[in-house]
Amino acid sequence: MQQKPTLLTILDVLSIIVIGYATYSALFIAPTELVMGEVQRVFYFHVGTGWVALLGFIIASIAGILYLINKKMIWDRFGFAAVEVSCMFFIITIILGSVWARPAWNTWWTWDVRLTTAAITELIFIAYFMLRAGIEDPEKRARFGAIYTILGGLSAPITFMVIRLFRSIHPVVVGNPSAEAQGGFDMSVDMRNTLFIALIAFTILFIDFIWHRVRLGALQEKVEELKLEKIS
Amino acid sequence: MNPSFLKATLAIIHKDLAAEFRSRELLTAMLSFSVLVILIFNFALDLNPDVRQTVTAGVLWTTFAFAGTLGLNRSMAVEKDRGCMDGLLLAPVDRSAIFFGKAISNLAFMLIVEAIVLPLYAFFYNETRIFQWEFIAVLLLGSIGYIAVGTLLSAMTIQTRTREILLPILLFPVVVPVLIASVLASGAIINDMTLPQIMSPLNLLIVYDVIFIAVSFMFFDFIVEE
């Protein structure tokens with residue numbers, strides 16, 4: 001059994017600290033938004049989780065390409081870890097977004113570009129898990145999984161562009177001054193700092209999760225191998 | 001193009017079409033299913049003339065998308081169940097020829113179904129605006145994208161434990177841009193909208209087709225290798 005690397009332990013502690021600080025910063029340091037009030041504080045974690053979810057989705061496609069190129073199982077573990085972690089963060093992003101949208105848009109959900117694309121991406125993830133569950137041979141599972149993540153990674157941007165042809169009401173907060181009508185707002189310095197802290201905190205947490213999941217994947221494979229040995 | 005590649009592709013198309021025209025299993029299933037879906041839509045959405053104005057494109061595309069999975073599943077299952085796929089793979093031809101052969105015959109089945117369902121829809125609902133060449137062109141482009149990804153994914157799902165159940169679940173989230181773009185473009189054509197409103201979804205549809213034909217062509221080798 002492999003020893004847990006020291007760096008990973010350090011990363012664990014670090015992510016607890018930064019997430020704690022990001023929470024504190026979002027709740028107490030950032031000023032209350034003038035129009036929307038306290039509910040706007042959800043924004044920092046919404047963007048933070050959304051960012052890492054997207055990062056995971058992209059990493060999964062890249063891991064898929066790398067797996068198909070050199071057929072090393074490490075890329076499969078990496079891709080699977082990225083999809084799983086990204087799937088969880090996407091759900092959190094959607095829930096946090098709904099919490100904000102209820103008072104801001106007066107609805108939990110609307111078929112807007114970002115929301116719809118997030119929902120479809122979530123469905124791609126679920127399909128990916130079902131595909132993997134239906135294949136016993138680990139090599140074939142890795143190969144099919146890699147292909148499906150790449151297909152998903154290619155179609156999601158096109159989905160986004162197609163849905164944009166419908167009208168969108170999601171605010172573009174960063175670098176867009178004219179979005180106030182849709183629930184957008186100008187950020188003060190404290191807000192900007194808090195957002196920045198949240199982004200860094202979630203990126204560290206994301207790396208930590210992926211690392212743990214890759215290790216877990218290696219252990220799972222070992223268990224599977226042992227089981228096969230016992231049977232044969 | 002390499003003449004032996006073309007020959008192999010044509011041979012597979014010929015085989016599929018000949019088998020289908022003798023048994024007529026797949027087309028009958030797809031057609032009766034399509035008519036059933038349209039019938040259900042009629043009562044589910046209450047397709048009176050006002051509603052039809054906006055939902056015709058959506059109803060037709062939903063019908064084709066659902067019927068399409070039936071065809072894709074069947075066409076691959078036949079190869080797998082009787083061990084034909086192994087025979088095809090053993091043949092000394094380029095494997096992408098197998099992909100194109102299967103994809104083109106799948107496309108042919110899909111187009112045949114569309115060619116029968118469209119007049120039926122026009123007959124049931126007195127809707128002649130669907131007979132415009134622009135509408136047909138969108139139908140063709142949409143079907144190409146749908147079938148390219150569908151053929152690839154059906155080759156994949158047929159090798160899994162859950163088989164038929166899995167195809168629509170894998171296919172629909174990936175093929176969603178095709179369906180949305182096609183519905184937008186054909187809806188705009190039916191309602192006599194301006195050219196930009198037709199062209200912007202159409203451009204994305206073409207982009208999708210090109211990307212996914214290329215990708216499916218590249219990945220088919222990885223899917224059938226043992």
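In which helix of chain A does A:I150 lie? A:I150 belongs to helix α5 of chain A, which covers residues 138–164, where helices (H or I, at least four residues) and strands (E, at least two) are DSSP runs numbered from the N terminus. Residues are numbered from 1 along each chain as its sequence is written, while chains are lettered from A and ligands numbered from 1 in the order in which they are written. This is a predicted model, in which local features need pLDDT of at least 70 and side-chain atom pairs count only at pLDDT 80 or more, whereas totals for chains, interfaces and linings use all residues.

A:I150 counts as buried because 22 C-beta neighbours lie inside 10 Å; a residue is called buried if 20 or more other C-beta atoms lie within 10 Å of its own, exposed if 12 or fewer, and partly exposed in between, with C-beta atoms placed from the backbone. Leaving aside neighbours within four places in sequence, A:I150 is in contact with A:S61, A:G64 and A:I65, a contact being a pair of residues whose C-beta atoms, placed from the backbone, lie within 7 Å.

Helix α1(A), residues 6–29, has 24 residues and reaches 33 Å from its first C-alpha to its last, close to the 34 Å expected at 1.5 Å a residue, the expected span being 1.5 Å times one less than the number of residues in the helix.

Chain A as a whole has six helices and zero strands, and its C-alpha atoms fill a box of roughly 70 × 45 × 25 Å along the principal axes. Of the 232 residues of chain A, 35% count as buried, and among contacts in chain A between residues at least 6 apart in sequence, 76% join residues at least 24 apart.

Chain B likewise has zero strands, with eight helices, and its elements read α-α-α-α-α-α-α-α along the sequence. The radius of gyration of chain B is 18 Å, close to the 17 Å that the globule rule gives for 226 residues, so chain B is as compact as a globular protein of that length; the radius is taken over C-alpha atoms, and the rule is 2.2 Å times the number of residues to the power 0.38. The C-alpha atoms of chain B fill a box of roughly 55 × 35 × 30 Å along the principal axes. Of the 226 residues of chain B, 44% count as buried, and 81% of the contacts in chain B between residues at least 6 apart in sequence join residues at least 24 apart.

Several backbone details of chain B deserve attention. Helix α5 of chain B, residues 95–125, has 31 residues and reaches 44 Å from its first C-alpha to its last, close to the 45 Å expected at 1.5 Å a residue, and α5(B) is followed by B:N126, whose phi is positive, near 50°. B:R24, in the loop between α1 (3–23) and α2 (25–44) of chain B, has a phi near 55°, a positive value in a residue other than glycine, and B:R24 is exposed, with 11 other C-beta atoms within 10 Å. The loop between α7 and α8 of chain B holds B:D192, whose phi is also positive, near 55°, and B:D192 counts as exposed because it has 9 C-beta neighbours inside 10 Å.

The two chains meet where 24 residues of chain B are in contact with 23 residues of chain A. On the side of chain B that touches chain A, the elements that give two or more residues are α7 (166–190) and α8 (195–224) of chain B. By class, that side of chain B has 20 nonpolar, three polar and one charged residues, where Ala, Val, Leu, Ile, Met, Phe, Trp, Tyr, Cys and Pro count as nonpolar, Asp, Glu, Lys and Arg as charged, and the others, Gly among them, as polar.

A nonpolar core is a set of buried Ala, Val, Leu, Ile, Met, Phe, Trp, Tyr and Cys residues joined through C-beta atoms within 7 Å. Of the 115 residues in the largest such core, A:A82, A:A198, B:V149, B:L152 and B:L170 touch the most other members, and the largest share of this core, 17 residues, comes from α7(B). Not counting residues up to four places away in sequence, B:L170 touches A:A127, A:L131, A:Y148, B:L153 and B:T157.
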